[in-house]
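Subject: Structure handover

Hi,

Here is the structure I promised you. Please open it alongside this note, and my findings follow below.

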Amino acid sequence: MSAQTSFPYIEKELSWLSFNERVLQEAADPKVPVIERVRFLGIYSNNQDEFFRVRVADVRRQILIDESKGRGQRARNLLAAINDKVLELQGKFDEIYKQLLLDLARRNIFLVNETQLSPEQGRWLKKHFRDKIRRHIVPLIITDDTNISRTLNDGTTYLVTAIRKGEQVTHSLLEVPTAQVPRFVQLPTQGSKKKKTLILLDNIIRYCLAEVFTGFFEFDTVECYSIKLTRDAEYDLSDEIEMSLLEKMSSGLKQRLTAEPVSFVYDREMPQTMQEMLQQKLGITAANAMIPGGRYHSFRDFIAFPNPGRGYLENPKVPALRSNQFTAHPNTFAAIRSRDILLYYPYHAFSHVTEMLRQAAFDPAVRSIKINIYRVAKNSQIVHSLIEAVKNGKDVSVVVELQARFDEEANIGWAKFLTDHGVRINFGIPTLKIHSKLILIKRMENGELRNYAHVGTGNFHEKTAKIYTDFALFTCHEEICSEVENVFEFIEHSYKKFRFNHLLVSPNDARRKLYSFIDREIQNKLAGKSAGITLKLNNLVDSGLIKRLYDASRNGVRVRLIIRGMCSLVPGIAGVSDNIQATSIVDRFLEHPRIMVFDNDDDPKVYLSSADWMTRNIDRRIEVGCPIYDPALKQQILDILALQFKDTTKARVLNREQSNQYVKRGNRKKIRSQMAIYDYLFDHEKRLALKIPI
């Protein structure tokens, strides 16, 4: 039971750490291909960095607020629990990394350090350093006047050096230039061609460290230790009225460069005197912000760990499926007119979305295009098509969310780029993030404008659509499309009031409708009718919705949950949540869709949504949930959920102890739901191609 609630509630930060532990389990699992296991270490590390930048920073701010108002110790106790769990996970991480080095070596892949090089490798490496790397190394000499707190970039690995001449010591900082050169370098083959040798950029610099300072310093020895600083990711927006939102965001991002440190990871072998010097220079006053680690940081680069060996050392490619409902028609709009279409990425090709916009860009019948942009790919085909549409005389309006965390700078750039090419840009409502995934295209048909809409659970991002699972609905349902248009109208004119009879729109009516859906299941159960609730979400932490689910459980309603990330609800408590079952699936694809199913007396209401069940998504963002009306598409979603509830390979049980135990298989068939879903959809598309009734 949390100090904030009167019912069982796991603090979301601790639940998040439990989720990241599930990622770490994948790195430890010998059944996962070894290269993928190394990459999971990168995913874990990247997640952990963001956790400190956002959630730990928020807890630290809460401590200051509590102290200023004379409140209790809740936030301070929470931070202590977080630090205990982080240190526990760091220990597991280090052990898994050591084991992975051995497992790689068994497959003739060797990740060596600077002390393990042969003379021939050393000579090659020094030449490589002079030719490719040295130009990017500019030491910062640390003096009494050096303000390194304004120098260290967030999340970047540095080597702190001690240049010793007798009793005299000079310190310097060297940034490991991973933005300019690869983090991993493969050394030339020696002896057996089967043997592949890799070395980290950090260790190349260590090996060539004397060359950096020779000719500038006299020294007996040079030693170095790695560090990484993580800063508070929040920022304050200026209240200057004359500044545009774009200018405010640009100004706010600059603050992040020098924001308060929330964690400082250092090589645990670092001398105490060097630790104290850095702590003083960085102004780190909280001892629990200092985290001892190994000699390597920024493990997020391991996401791109190369495979110099055989193909079986990584996951086999899963070719994206083409939708036969699209390919059976001359163009996208004819396909959608024939019936609603549901895609599930990455099983289906995301190119159906880009093709829709490509066609709309030159189709003489298309009059206008509206779209939300939250995150897009670096070389976005979607943005290219929008610009081409303007050139073809279409009215193109793009809602750009400038406050998409860690994509703010990119989105500022996109906003300027699109504006320069004649696209109308709307930044929406400054107090509400716009997280919906909408496209609305108006097309002239038979003398009348007809609407076509896309409503999805994921971003319009070609790269993440290959690794995130997400649903996308394409429809020309007149009333749904009209309500999608009203969402765009609300974004542009928030003072207007709209009533939504089909869509669930945050912050307009989503909370009220979700409460009513849950209450209806309770009423049906009490009336002896069929009742049940099935949810697939990234996060479930909103206390109001959790309390409502507890009410449903107490009244006998069966609640089934698949929660990928944070789950503050505690299943299986007698008299409170004994009718609630919760699992989490972590596998090769990141589970990202939000799906809600309400039994509704054996006439299921099925919704896909952009919103997690978090207070921010329900009350402080513009989010859209959409009903699935086509019976075949509704059944398809129910079938996919059923496969995930049958997972006996990658599903973990969510419980009070957050033990992350795998679902017990017993004598049941071994099912890996992500692969089973691919087979299901492959068969579905095959039947469509052969025109076999579904």
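How many of the 11 residues of strand S7 (residues 221-231) are buried? Eight of them are, so S7 is largely enclosed by the rest of the structure. Please keep in mind that this is a predicted model.

**The six-stranded sheet**

S7 belongs to an open sheet of six strands. The order is S2-S4-S3-S7-S8-S9, and the pairing is mixed. Strand S2 (140-142) and strand S9 (290-293) stand at the edges. Each has a single partner strand, so one side of each is left without a neighbour in the sheet. From one strand to the next, the twist averages 30°.

S2 pairs with strand S4 (residues 168-175) in the antiparallel sense, over three bridges. Leu 140 has Leu 173 in S4 as its bridge partner.

Next come the two pairings of S7. S3 and S7 run antiparallel and are joined by eight bridges. In that pairing, Leu 159 stands opposite Ser 226 of S7. S7 also pairs with strand S8 (residues 261-267), again in the antiparallel sense, and here there are five bridges. Thr 230 stands opposite Ser 263 in S8.

As a general point for reading any sheet, side chains in a regular strand alternate between the two faces.

**Thr 161, inside that sheet**

Thr 161 lies in strand S3 (residues 157-165). Is Thr 161 buried or exposed? Its relative accessibility is 0%, so Thr 161 counts as buried. Its side chain makes a polar contact of 2.4 Å with the side chain of Ser 172. Leaving out residues up to four places away in sequence, Thr 161 touches Thr 170, His 171, Ser 172, Leu 174, Leu 209, Phe 213, Val 222, Glu 223, Cys 224 and Met 274.

**The three-stranded sheet**

Another open sheet has three strands, in the order S1-S6-S5, with mixed pairing. Its edge strands are strand S1 (109-112) and strand S5 (184-186), and each pairs on one side only. Neighbouring strands here are turned by 30° against each other on average, direction ignored.

S1 and strand S6 (residues 196-200) run parallel, joined by four bridges. Phe 110 has Thr 197 in S6 as its bridge partner. Helix H3 (residues 74-106) lies across S1 and S6. H3 runs at about 135° to S1.

Arg 511 is in helix H15 (residues 510-526). Its relative accessibility is 18%, and buried means under 20%, so Arg 511 counts as buried. A polar contact of 2.9 Å joins its side chain to that of Tyr 515. Which residues does Arg 511 contact, leaving aside its neighbours within four places in sequence? They are Asp 542, Gly 544, Leu 545, Thr 615, Ile 618 and Asp 619. Asn 600 is 89 residues away from Arg 511 along the chain, and their C-alpha atoms are separated by 18 Å.

Asn 315 sits in the loop between S9 and helix H9 (324-327). Asn 315 is buried, with a relative accessible area of 12%. Not counting residues up to four places away in sequence, Asn 315 touches Pro 33, Glu 36, Arg 588 and Arg 672.

**Cavities**

How many cavities of 30 Å³ or more does the structure hold? There are four.

S17 gives the largest share, with four residues.

**Where to look in the viewer**

Start with S7, where eight of the 11 residues are buried. Then go to Thr 161 and its polar contact with Ser 172. Finish at the largest cavity, with S17 in its lining.

Best wishes

Note on methods. Residues numbered from 1 in each chain as written. Predicted model: local features only at pLDDT ≥ 70, side-chain atom pairs only at ≥ 80, totals over all residues. Heavy atoms only, no water. Pairing = 2+ DSSP bridges. Axes fitted to C-alpha atoms, helices over the stretch in contact; angles between N-to-C directions. Buried < 20%, exposed > 50% of the residue type's maximum accessible area, 1.4 Å probe, protein only. Contact = heavy atoms within 4.5 Å. Polar contact = N/O pair within 3.5 Å; in protein donor to acceptor, adjacent residues only side chain to side chain. 1 Å grid on protein atoms, 1.4 Å probe; cavity = no way out; pocket = protein on both sides within 12 Å on 5 of 7 lines; lining within 4 Å. Points joined across faces, edges and corners; volume = space filled by probe spheres on them.
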